[in-house]
Amino acid sequence: MIKGMTRELSPGKQNMFSSLRTWLAAHPLIAYAIRRLGAYILSLWGSLTVTFFFFHLIPGNPIASYVQSLQSRQGYNAHASQGVVQYYNKIFGLEGNLFQQYLHYMYQLVVKHDLGPSLISFPNSSQDIIARSLPWTIGLLGLSTIISWILGLALGALIGWKRDKHVSEWLTNLCIGLSHIPYYFVALILIFFIAYRLNWFPPASAYDPNYAVGFNWNFILSVINHGTLPALSIVIISVCSWMLSTRMLMVTIVGEDYLTFAEAKGLKPRNILNRYALRNCYLPQITGLGITLGAIFNGNVLVEQLFAYPGVGNLFVTAIQQLDFNTIQGIVAMAIFGVLTANLILDLSLPMLDPRVKYY
């Protein structure tokens, strides 16, 4: 081995590392949290890096394309146009080679917490227009997810508990069929029949523009009225998926010895279902709910497009159409952060909620 490649640790450092290992071995929960946190940071950095290079490898410069279109329509001087492109390339972080752009992006994101200006809403920053769209997506998808989870958990437990009934079999087959239908197809059906044929709910937008935006009853009722169909298109399919997964968990539990013992003790079937059977379905379903809520920042792109809903998904499509890299990367970074953070919280919570989970 080449001299100088390795060095032996001094006795003081060896004692320090030995003491650290001993202390971590005596505190497995803290060691587990440190490992999960390290994996979280590495996954976050890797995902952001892959996202940056993926979108920046798309051919074309959005600034140059826009200036060239102005030049062709209004006869701008070519030399002046080149100066304009260079100026705005620097503002939008498109100056230099790809690696220099990556370093600039990570510096702005990690150190300055700034995504840069938005091309589709210049000179507004990307985080400002994302922040304006985010409440609509959280309100629509967050409430839809929670409602579908509660309904799916309750109904799935019932059809799993009463699996030998004809109604349970019929509902199970219905859920299997509906769970394979895309959200946007249900949205199209709702728009055609309920919005246009029956005229019960508006087909597009998030609220009536005639009402002032604020915490007043007219605006709140308008938001609920406009958001009913988009939410319903998501709930109909989501509740079927939650019902099937809960039923599957319930079927594996029914017939266990502890349920038979509870029945032999004379407990009512309702109490056995609530206190014993359903509790074993909570943990995996809560895990699934946490992951789903972490992913709502992605937005349901097609549903928001169909209903012209001003959420993050709609903004993402607009940003891609105009190659607004700052806004695209901001939305993707927020989605990655939401999913990974939800997984981290679940990883840290499960060992404390369930003693069967080991500190791996």
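1. How much space lies in the largest pocket? About 510 Å³ of space lies there. A pocket is an open set of points on a 1 Å grid over the protein atoms alone, with protein on both sides within 12 Å along at least five of seven lines. A volume is the space filled by probe spheres set on the points, which are joined across faces, edges and corners.

2. This is a predicted model, in which local features need pLDDT of at least 70, side-chain atom pairs count only at pLDDT 80 or more, and totals for chains, interfaces and linings use all residues. Residues are numbered from 1 along each chain as its sequence is written, and side-chain values use heavy atoms, with hydrogens and water left out.

3. The largest pocket has 19 lining residues (those with an atom within 4 Å of a point). Trp 136, Gly 139, Val 223, Ile 224 and Tyr 309 lie nearest its centre. Helix 6 (126–161) and helix 9 (217–253) each give two or more residues to this lining; helices are DSSP runs of H or I, at least four residues long, numbered from the N terminus.

4. The second largest pocket has a volume of about 410 Å³. Of its 17 lining residues, Leu 48, Leu 109, Ala 333, Met 334 and Phe 337 are the closest to its centre.

5. A search of the whole structure finds one cavity of 30 Å³ or more, a cavity being a set of points where a 1.4 Å probe fits but cannot get out. The volume of the largest cavity is about 50 Å³. Its lining includes Pro 62, Phe 92 and Asp 324.
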